[in-house]
Amino acid sequence: MSVWIRRGLHAMNAAIALAALTLLVWALTTGGAQGAAATAPATAPSGTALLGAAIAVAGSAIGAGIAVAYTGAAALAAMSERPELFGRAIVIVGLAEGIAIYGLVIGIILIGRA
């Protein structure tokens, strides 16, 4: 796996983690369910739903970052010995990156149901 692919994967994880932290700050500044219900329209998500979505996305982004770090290093080591393993290595790293996407989907579902 090239350095540019790894940098791109790390940048995507950083963007997802930043989005999760933004949701977390927004959930904490709205004052929770009581403060948001008094000032916001009825269709606005509650603070607890936003907090749950932020935790889901942040946790999955951190987990995906750790998984990509380990699988990327192992893939590079395997490809240095046998270059024909490039396709398999990309699939393994892609599966590790899927963890962040699953967390993002769960966050969207939580916000949609609030």
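Of the 114 residues of the protein, 29% count as buried, where buried means under 20% relative accessible area, exposed over 50%, and partly exposed in between, with a 1.4 Å probe and protein chains only. This is a predicted model, in which local features need pLDDT of at least 70 and side-chain atom pairs count only at pLDDT 80 or more, while totals for chains, interfaces and linings use all residues. Residues are numbered from 1 along each chain as its sequence is written, and side-chain values use heavy atoms, with hydrogens and water left out.

**The whole chain**

Begin with the complete protein in a cartoon view. The secondary structure comes to four helices and zero strands; helices (H or I, at least four residues) and strands (E, at least two) are DSSP runs, numbered from the N terminus. Read from the N terminus, the elements follow the order α-α-α-α.

Next, display the surface. The accessible surface comes to about 6,900 Å², and 74% of this area belongs to carbon and sulfur atoms. Accessible areas come from the Shrake-Rupley method with a 1.4 Å probe; for residues, only the protein chains shown count as cover.

Contacts give a further view of the chain. Among those with a separation of 6 or more, 78% are between residues 24 or more positions apart, a contact being heavy atoms within 4.5 Å.

**The annotated spans**

In the model, residues 53-77 are 100% helix and 0% strand, and their end C-alpha atoms lie 36 Å apart. Residues 89-111 are likewise 100% helix and 0% strand, with 34 Å between the end C-alpha atoms.

**Helix 3**

Now select residues 47-81, which form helix 3, and pick Ser60 within it. Is Ser60 buried or exposed? Ser60 has a relative accessible area of 9% and is therefore buried. Leaving aside residues up to four places away in sequence, Ser60 touches Ile99, Ala100, Gly103 and Leu104.

Move to Gly59, also in helix 3. At 42% relative accessibility, Gly59 counts as partly exposed. The C-alpha atoms of Gly59 and Ala100 are 8.4 Å apart in space, although 41 residues separate the two in sequence.

Ile66 is another residue of helix 3. Its relative accessibility is 48%, so Ile66 counts as partly exposed. From Ile66 to Ala96 the C-alpha distance is 8.9 Å, and the two are 30 residues apart along the chain.

**Between Arg82 and Glu84**

Show the side chains of Arg82 and Glu84. These two form a salt bridge, with the closest N and O atoms 3.0 Å apart. A salt bridge is a side-chain nitrogen of Lys or Arg within 4 Å of a carboxyl oxygen of Asp or Glu, and by this rule the count comes to one. Arg82 is partly exposed, at 45% relative accessibility, whereas Glu84, at 55%, counts as exposed.

**Helix 4**

Select residues 86-113, which make up helix 4. Helix 4 has 28 residues and reaches 41 Å from its first C-alpha to its last, close to the 40 Å expected at 1.5 Å a residue; the expected span is 1.5 Å times one less than the number of residues. Which residues of helix 4 are buried? They are Ala89, Val93, Ala96, Glu97, Gly98, Ala100, Gly103 and Gly107.

Colour Leu95, which also belongs to helix 4. Leu95 counts as exposed because its relative accessibility is 58%. Between the C-alpha atoms of Leu95 and Ala67 there are 9.3 Å, and the two residues are 28 positions apart along the chain.

Leu110 lies in helix 4 as well and is partly exposed, at 35% relative accessibility. With residues up to four places away in sequence not counted, Leu110 touches Ala49, Gly52 and Ala53. Of these, Gly52 is 58 residues from Leu110 in sequence, with the C-alpha atoms 7.3 Å apart.

**A nonpolar patch**

Finally, select Ile101, Val105, Ile106, Ile109 and Leu110, which make a nonpolar surface patch of about 390 Å². Patches are made of residues with over 30% relative accessible area and no salt bridge: like charges are joined within 9 Å, nonpolar side chains (Val, Leu, Ile, Met, Phe, Trp, Tyr) within 5 Å. Ile106, one of the patch residues, counts as partly exposed at 42% relative accessibility.
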